Every structure is written in structure tokens, then in C-alpha cells.
Amino acid sequence: MNRKAILAAVLAAAMLTGMTGCGGNTGSSTADSSAAADSTEPAAESGDSSEDLPESMPDDDFETDSAESSDSEAPQDTPAEAGAITFDYVLNGTTIVVGEEAAPVLEKLGEAESVFEAPSCAFTGSSYYYTYGGVQVVTYPDEHDQSLNRLYEVDLNDSTAATNEGIKVGDSYDDLIAKYGTPTQETPAYASYQTEGKAVRFFLDGDSIKQIVYTIVM
Amino acid sequence: MAKNKVLIAGLAMTLTAGAVLAAYQRLVQPKYMSDVVEGNLIAGYYSSGMDHDVLFVGDCECYENFSPVTLWRNYGISSCIRGSAQQLIWQSYYLLEDTLRYEKPKVVVFNVLSMKYGEPQNEAYNRMSIEGMRWSSSKIGNIRASMTDEESALSYVFPVLRYHSRWSELTSDDFRYYFGAKPNFFSGYYLRADVKPAQNVPNPTPLTDYAFSDTCWDYLGRMMQLCAENNIQLVLIKAPSLYPFWYDEWDQQITDYAEKYHLPYVNFLNDDKLEATGIDFETDTYDGGLHLNVYGAEKLADWFGGYLKDRYDLQDRSQEPVLQAEWNEICARYDAEIERQLNNLEQYGNVKGEA
Amino acid sequence: MLFTDSLFIFGLILLFFVYFLIPQKYRWMLLLAASIAFYAYSGWTNLLYIGATAVTTFFVTKRIEKMAAAAKDAVSAHKSEWSRDEKKTFKEAEKKKRRRWLILLLVFNFGMLAVIKYGAFTMNNLNGIIGWFGERGTLPVPNFLLPMGISFYLFQTMGYAIDVYREKYPCEKNFARLALFVSFFPQLIQGPISRYDDLAKGLYAGNGFDAERVQLGVQRILWGYFKKVALADRILPAVTLLISDPEQYQGMYALLGMLYYTLQLYADFTGGIDITIGIGQVLGIPVTENFQRPFFSKNITEYWRRWHITLGTWFKDYLFYPVSVAQPMLKLSKWSREKLGKNIGKYLPVYVSTIAVWFVTGLWHGAAWNFIVWGLLNAVIILISERCTPLYNKFHKKCAWSNSRPYDGFMAIRTTLMMGCLRMFDCYRDVPLTFKMFGTMFTKWNVQIFADGSLMKLKLTGADYGVLIAGTLILFTASMLGRKGSVRKRVWERSRVLSCCLTVVLLLTVLIFGAYGIGYDSSQFIYNQF
């Protein structure tokens, strides 16, 4: 039997768009899918990209030759740090892996300070927003099983919460680069670090970070 | 002779198979009566025998947030809504085109939320927006624009190809409404009488890109042009829904566009509008701020009716017999539905009356 | 393009109409055009491969035939002058020259296949071997897109060339006609591997419209679609699930996976062949049968005479037979008889050629060790059962009850299960895993899954099971009825109206109970990657 064909079929099925309606988290998923389209490119073709994008994925295991970098802002010690970027946020000792089933994680996190439910239009599934202090955890209904919720996004909204690498809202862009290295993708509005299916994004207000988002990338 | 026999046999086989399939198709097509009632919104339009001065096109923010009954009762404005769940902008455009085949409203109101979707999204929603349309070039256009990669146009022409497996999921509704649906809506309005206050509305999650897609701008342009050609006033609105988020960056783009083309744009989320309409998210929403309930929809319609009447010279037509007859029927159903839902709420704690 | 693509179905209906509307002598050209269009749809570059095969075969076969004719002329011209030995020597020499051309052709074409299909496999293995010596495997691993149906059309065409060399029939002088034989589109997806002398006549004749033939052909096509979309595609998600997670699905799940896969493969492959033969029948082109109720076989040797028949006969005629009578083999035979005694000496050459053929058969199915081991195991079982034949005969003579119907049934089930177990090599990632999963069927006795609702969690609903069980029963009944000749033909002979009803019912069954459209992964026919 052709295992490749089967695998392809399974993957194709898995990639179908979710059934989240006008009430779902599709507001951000639109942007995410476009961002994914943009940013997979430099990741895949980092070698010959003419853009001023970095020469390696941040999650590469080996060190890169920073001398090649055209970005003068990237300090020499960047790549070693970059190798250690984590894409799973740890909140109160609980690791939140975006894309995974939400229920076990939510149970471990305990009762949220507040919950907001956003039902899908016409259908049964809902997106949920759970708030724990300055951290907001967003879930979305699985495309095949509306009763199964998956983790979609973790937002760090104020300076009370820091990333695993110690970056928090209010820190400067330079702090970020020092800790995280060259972003996979960036604009004046944000810097994004990406790995397969996941990203951590730092939204900027001028030179300082105003919001941090761990998210799935479709 | 032999040739004729073969022809007749071939024809007989084709016709028999066709007839059985047509009958079967009717059975397995979703009836949208007890569940996902929104699936019947689009088809409902064709059963109306009257004309409308105001046409709303858009998604749930249209068909749940404005009460046409209030427009009729308070201003004598005959209006209808052509909206469906997550209705994308090209679907709104083709529904507008389709409606213009039957009538020429004076004002077309378009809710701009769907500007955020630049690509086909979801098959289930497509079905609900498209299948209710009568066949026309607009429907074909809608199919072509809406299809996701997994869909085939053929299954819109022959829905049996899509629903053939539903034989195992048939319910009593499929037999009861075999010959037609019963009206569930009020000139395209989906009525909810329950209340769930908006609480803990989350922080908007930031986007990496706020620019609307070229496709959306293109359709908005086409909508504007179609209205201009038919001498119709196009009004852009953003309904007062707290979620999905309506970003300032998005609002600015629409504001700029409206200014550039001299289109009116009413953002009901703005504080002054919220104050003027009197929308109270403690009492006027049934799902925590996503959609308005009937009390909110009536408030919104009341204010908006005044706004439209003043600006676009809409006559009070409450004395016209044809309109009167149909609107009286709609109003009676509307009042009965509110009562039914309130009774259910009292008895079962939900509007559907589920034990 | 697959048989289940709507484009294919529309194209086919259109083709049927146009075929019978145009004059008879142009019909084969239409088929050629359709075949090229069909093939081009799968990728323009693929046309290069099939084109190369057609062109080389055309020129070489013509050349061989010309040489043979010239040699004959020379012999008859020197009839009186040459002695018998001289004639023989001349003939041999000429034959050798022709053989060189044939070998050139075979090497070119099979070389193409080897590089495209087996290049990566070979390089990976070489890298592995280099690895044993402590080096890091550094040979480049090529990555070609396998042209659709290459294993089918290539074998068919090479069979033709060998037959021309053997002077079984004259070669085709018209390139376009040969190209049609090479590329006849219904055969490109799953075979069968036809013979020129069987296929060609129907292919070029442009037979007229015959109501009975068309009706029965359409029924055969619909029957194929029934197997394919109502059964094979319906059970595929369960098969995929069961084999995708060997950690979770062990023991009875492995057994279930094996049974499901048996049904899936059978329905898919025979369904595809039904469609191909049905298309041929509508067009008036007899296509060779590829199956003969294989699951009714009493042993594996018989099974292989009834399953994928055209592949088996191809290997027999063009590989097993030549290998058996080849010089080295005869030498081996002689040597072994002298050195190893009569008994072993007699069998050794047969064993060697059997194993060689099954090694290649395994390789034909795919460039992976799984398939090679699968092929070799087939050979082992066949050889063992052959050696045991005297024992069996004794047993049947002694025990009268073993010659009864129920015992036949038992043997058929035994064969089916045995083939199912062998086919587990298709499913799992590698050889050790396959053995492990096979082992769990005996060590992990989780029979509770048949009762505790686990079966409903395999991407199959109650309705799916209903269709699958009913469909399997229909398949079985049809096979039983089919032993006395074509069911469709018998219905037609009884009543034309009944036959028309059968067509309509088949069509409706496929459309209503087929697993197609959104919600089902439209699977590729399993055999079209080979």
C-alpha cells in the first residue's frame, strides 16, 4: 500500500480550515494565515533570500556564522541564544503548547479570573478566552470535532508576565534582539520568531514591546 | 427500428435515474428547521411578494442586529435583509445583484465586517449562503468566488453529490419539510429574545497585517458601482458587536474609503452612536456581546430608521395595501415568536424550548 | 487523473458519444488523442517518458523484424549452396544480432524505470552499506516523480517487443497505432498488462455500436465504481488510521487492519480493473481479465493464478521461462545434479528461478525492502507447498471429508488469511515493524474491542459498517453467481428491461452509497503508483 498517499490524505484533511464562524477567532486567523504565507518563505529559502532576513531559523541547533549577517543590529552572541528560543509558554508551571488539546492544560491552570465565550455562527463550537492576570489563553474548536477545543494563542498583555526567555511587555526592541536573536520575520509593527506550526510574536509600539503572542501558524 | 429502441431505452433509463435522484436529493438536502436554522435565510427572500425600500446585505451582524419589523412599525419603511452566517463580501455582492433582478430598493446597507476575509473560508457557510439562491448568473458567480479548494462546482448544481451520505442521518424534519420549509424569519431577520450580558470581553489579539485584501476592495468597489448604476444609495455600517474585534486600523481604512467615494459610513461601535441608539450590552445582547437580541435590534432599527428616512427621502408606506397585508402577517408572526421564546425561557430556561 | 475524478467521468461519457458518432476508421485516432490528453493531464513531462518508450520500441521492433526478414531471405537465397551447419551458424549469428538490439531496448527502458523508480532506493541502500564501513553515506539520492502507470505500460510494451523478437507476430508498422497500444488510457491507472495480440485487434477496429455490449460494458463500469467508491474508499480511513499508529493499534486491531486492508485492496484493485474492462467493452475492445475470484483459491499457487493474472503470466512468459532455460541455469542444473544428487539437483534450478521471479515481483510492487521480503515470503510458501504436494495428496486420499465443499471453503479462507498476513508488508513502515505487528496478533489478546464499541472509533460509523457488510455480501453473492458465467449477460438474456433496471440500480447505488465528496479523502487507486 502506498503509505505516502495515505499520509498525504491525512495531512490534507488536517489542513482543512476550521469551522469557526463569525464568532470564532477567525479575526486573527486571517492575519495568521497570511503571515504564515509570508514567513515560511524566508525560513525555507533562507540561503538565497534577497531580503534582509536572517540567515538561519532561530531554532536551528547549530550556531550560524554571524559575520554573514547584514543586520548590524544583531550582536555577536545572538545565535547561541537564538538556539534556545522556546515556543511553548510556561504559565504557573504549566506548559501551554498551541495546537494541542485545551482541556488538560486548562485543568492544570486552575480557575481563570475570567472567561469569555465566543460561539461560532450558526454552529455549536465556541472559542474561549481565559484570563490569568496579564495572560490571556485563547482556544478554538477542532474542525472535525466541535466539542474538542484546542489551544490557539497565548497573549501576554502587561509587564506582569515574561516569556520563558525573560522578555516582557515594556522591554525594548534591543532587549528582545539581545535575547532572541534576529527575527524570522519583522516589520516596524512586530517581530516574529517561527518554528514549524508555531510562532512567538512581539508587537511593538515604537521601540518598546506592547504585547507578546504565542500562536499557531497555519 | 433497433436504433429507436436503443434511444428509447437510454432515455427511459436516464429519466428514471434522474427522477429517483431528484426525489432523493430533496430528501437529503438539509432542511435547517430545528438546527442551524440560519441555513434557510437566503431562500426565504423569494417567498416575499412585496418590494423593499431598504436592503441590508451582510453577515450575522445584519440579520441579527436590525429588526425590519421596527422599521415598518415606526417609519413605514419596507425593508429586508439578505444575510447568512459568515457571509463573505462577494456573497453579499452577488446577493445584491440577485436581488436587483426582482426589485430596486432605494437604499442598500452593507455591514463591513466581512472585509476581513479575503479568501474563501468554509464550505458549510458557503452552502448556507449559496444553496438558497435561485439559479442565475449571480449564483454562478457566487459559487465561483466562494468555493474552497476542496469543493466542486458540480455539487452545487447537483447537491445530491454533496449530501448523498445523509441517508444515515435523516431526521423527522427531513420528511416533515420535504415539500418546503416553514418561515422562520422576519424579512430576513433572525429573532432572539434571550439575554446574556457582555462580560469579560477580551483584549483584542493583535494582527500582523491589518490591510484588507485586494479582493475585498474590488468587491466593495463593484457593489458601489452596481448601486450607482441603479441609482441606489449605498450605506456602509459596522454593527455594534463587541466580538469579533473590529480593529481601529480596519475602521480607519473604511473611513478613508467612505470619505474618498462620498459614502456614508456609520460605525455603531463609536461611543456617540452607542449613546444615540441606546444599546446597553447588559440587556441588549443574547450571547455576551456578539449579536444583539430583539431588544437591541429594535433599538438599532429605530435609530437607523430615523437616520435613513431623514437622509434618503424614504416615504411612510404603511398605508399601501399590498405591503400592509404582508407586513401584518410578518408582524403577527414576530410578536408570536417573541412570546413563544419568552414562554420557553420561563418554562425551560432557553428560547428553543429544549428540556 | 483518477477514475473517480469528475473530469475523467465527464471525459469518458463524452468519449463514448463521440466514438460512435465518428466514422469507424477514425475511432482509434480518437482513442489515441484521448490517451495523450489523459496522460498529459498528469503532467506534460510524463509524456516524455512514455514517448521515449513508444519511439524506441517502434524503431527497434521494426529493425528486428527487418533483420529477421533479411536473414530469412539470405538463407533461402543460399539454400542450395549452404550446408545445414552453415545455415544454422548463420541463423544463430543473425539471431544474436537481433538479440543485441532487443537487449539494448530492454536495458534502455528498464534502465529508465530503474533510475526513476528505484534510484532513490538503491542509493539509500548503498549509503547504508557504506555506512557499515564507518563512512557517512554521501551518495546523492535522486528524487524523481514517478510517471503515472509506468510499471504497467512499460511491461506491456516490453512484452510486445520480446514477442516480436520471438517472431510471435509481426511488429506494428504504424507509429501512431503502436503509440495507442502503449498508452491506451483505461489501462494506465491500474493495468492490466495486456498482450499485443489480445488487445490490438479491438483497439484499431473501431467496432460499431452494439446495444448488448454497451449495456453490459456500462454495467461493468458501474460495478467497478461500486467496489471502488462504496467499499474501498469507505473503509480506507479506517485502514489508514489502523496502520498509522502501530503503537496504539496492536493485537486484534492489527488483525482488523489486515482484514480491512484485504477488503480495501480487493475492492479497489478489482474495481479499477472492472472499470477498465468495462470501458473496453463499451468501445468494443476486449481487455484481458486480471482476476478470477482470487479469494476462492485453495492455495497460494492457485491464488496467484487468479489474482493480478496478467502480471503473473507476464513474469512467467518473459522472466521465469527464459531464466529457467538460460545457459547459466542449465549449467547450474547440470552441475547440481552431478554434485548434489538427483533429488536436490532437480529442484535447485526451479528454486533459483522461482525466487528470482518473486524477488523481482516484490520489487515491481515498490522500491522498498517491505516488498522484497513480501515477494520472497510468497516464494517460500509456494515452494514449501509444492514440496508438500505429495503429502497433501495422501491426506486427501485418506480423508474423504477433506474433499467436501466445506473443506474447500476452509482452504479458501485459509488462503485469503495467509495472503492478508503477507500483505501486512504493504501497510507498515518497515520489515521489523511488520513482523512485530504480526506477532501482536497472537500475543496481545485484546478481543474486548469487538464488543466495547472500539470499532465505532475507527472513523467508521454504524452506517458505514452497514454499507460495508452489505457490500461485501453482494460481492460474495456476485462471485458465487459468477461461477456459472457472467451475471450481467444472464440478466440481459433473460430480459432487456431487467437489464436496464440493473443499470439504473447500479448507478443509483454508486451515487447514494459511494463514499465520495467532502468528508472522504479521495484516495488514489492503490496500484497506480506501481
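Visitor: In this predicted model, over how many bridges do strand E3 and strand E4 of chain B pair?
Guide: Strand E3 of chain B covers residues 107–111, and strand E4 of chain B covers residues 233–238. One bridge joins B:Phe110 to its partner B:Leu236 in E4(B). The two strands pair in the parallel sense, and the number of bridges is five.

Visitor: Which are the edge strands of the sheet in chain B?
Guide: Five strands form an open sheet with parallel pairing, in the order E2-E1-E3-E4-E5. An edge strand here pairs on one side only. The edge strands of chain B are E2 (79–83) and E5 (265–267).

Visitor: Which helix of chain B lies across E4 and E5?
Guide: Helix H5 (residues 89–100) of chain B lies across E1, E2 and E3 of chain B, at about 150 degrees to E1(B). The helix across E4 and E5 of chain B runs at about 155 degrees to E5(B) and covers residues 248–260. That is helix H12 of chain B.

Visitor: Which helix gives the most to the side of chain B that touches chain A?
Guide: On this side, 30 residues of chain B are in contact with 35 residues of chain A. The helix that gives the most to the side of chain B supplies three residues, and it spans residues 123–130. This is helix H6 of chain B.

Visitor: How far apart are the end C-alpha atoms of helix H20 of chain C?
Guide: Helix H20 of chain C has 18 residues, 496–513.

Visitor: What covers the buried residues of H20(C)?
Guide: The buried residues of H20(C) include C:Leu502, C:Leu506 and C:Phe513. Their cover includes, from chain B, helices H1 (2–28) and H9 (160–163). From chain C, the cover includes helices H8 (211–244), H18 (462–482) and H19 (487–494).

Visitor: Which elements give two or more residues to the side of domain 1 of chain C that touches domain 2 of chain C?
Guide: Chain C is divided into domain 1 (6–208) and domain 2 (297–445). Of domain 1 of chain C, 12 residues are in contact with seven residues of domain 2 of chain C. The elements asked for are helix H4 (84–132) and helix H5 (150–165) of chain C.

Technical notes
Residues numbered from 1 in each chain as written. Chains lettered and ligands numbered in written order. Predicted model: local features only at pLDDT ≥ 70, side-chain atom pairs only at ≥ 80, totals over all residues. Contact = placed C-beta atoms within 7 Å. Helix = DSSP H or I, 4+ residues; strand = E, 2+ residues; numbered from the N terminus. Pairing = 2+ DSSP bridges. Axes fitted to C-alpha atoms, helices over the stretch in contact; angles between N-to-C directions. Expected span 1.5 Å × (residues − 1). Buried ≥ 20, exposed ≤ 12 C-beta atoms within 10 Å, placed from the backbone. Domains from an automatic or database assignment.
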